[in-house]
Amino acid sequence: MRIMVAVKRVIDYAVKIRVKPDKSGVETNNVKMSMNPFCEIALEEALRIKESGNASEVVVVSMGGPQCAETLRTGLAMGADRAIHVATETSLYPLAVAKLLQSLVATEQPGLVMLGKQAIDDDCNQTGQMVAGLLKWPQGTFASKVVLDKEKQSVTVDREVDGGLETVRLDLPAVITYSHGLAGSRCQMKNWATWVFLESFLHGFYPIHSVQIDRKASLR
């Protein structure tokens, strides 16, 4: 089974946000960027599922400008098998991202699509639900624990709700969005210098497949 993980490049969570002088947005020039923390949790869980023998490949996907390649290399350094960069300079809103993911799913045929529950820059919390709706797949949102059953072709998800935890079982293929509660990332647990070396090594030897989309292409 193949797992597709969508990741987003955002301003690092530890950076103090500065508003542009013209009030048109936040300053991103010369600001440290990193993988969205919730996306990192989703990728970590996908890699653990693969390591347990329940998946054959993990494909990481990101959308945006050339700088997204840095985020994808981070994903490869963590252990992803392939990376896909949907190249565009257009600002993408959740529905556009969901439709692009729908097209990639048709090509890649994953058994699971995993995302962070939301990005820390816009806090929309919409893309995962929209992807599931477009694909007509079952969804498990705000996941804190995931157990895959290959024999029954299903996945059990403990999801965080206002009253505590709710457990749902989904038939595969399915969409899962991740919240808090899962163990820390291997990037945080392993030696930092080793990880930096791996990222630099992968930059030279693991090409990132790039897909260009036209600014005028219809996303409606």
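Start with the surface on. This is a predicted model, and the lining of its largest pocket has 19 nonpolar, 18 polar and seven charged residues by class. Those belong to a lining of 44 residues, around a space of about 1,300 Å³.

To find the middle of the pocket, select Lys8, Arg9, Met63, Leu92 and Asp121, the lining residues that lie nearest its centre.

Next, colour the elements that give two or more residues to this lining: strands S2 (9–11), S4 (57–64) and S6 (112–116), together with helices H3 (94–108) and H4 (127–135). Which of them gives the most to the lining? Pick S4, which supplies four residues.

Now hide the surface and select S6, residues 112–116. Is this strand mostly covered or mostly open? It is mostly covered, with five of its five residues buried. Show the side chains and look at each face in turn: Leu112, Met114 and Gly116 are on one side, Val113 and Leu115 are on the other, and all are buried.

Select S1, residues 2–6, which runs parallel to S6 and is joined to it by three bridges. Within this pairing, look for valine 5, whose bridge partner in S6 is methionine 114.

For the last stop, select S10, residues 174–178. S10 also pairs with S6 in the parallel sense, here over five bridges. Zoom in on leucine 115 and you will find threonine 177 of S10 opposite.

Key:
Residues are numbered from 1 along each chain as its sequence is written. This is a predicted model: local features need pLDDT of at least 70, side-chain atom pairs count only at pLDDT 80 or more; totals for chains, interfaces and linings use all residues. Side-chain values use heavy atoms; hydrogens and water are left out. On a 1 Å grid over the protein atoms alone, a cavity is a set of points where a 1.4 Å probe fits but cannot get out, and a pocket is an open set with protein on both sides within 12 Å along at least five of seven lines; lining residues have an atom within 4 Å of a point. Grid points are joined across faces, edges and corners, and a volume is the space filled by probe spheres set on the points. Ala, Val, Leu, Ile, Met, Phe, Trp, Tyr, Cys and Pro count as nonpolar, Asp, Glu, Lys and Arg as charged, and the others, Gly among them, as polar. Buried means under 20% relative accessible area, exposed over 50%, partly exposed in between (1.4 Å probe, protein chains only). Two strands pair if DSSP finds at least two bridges between them.
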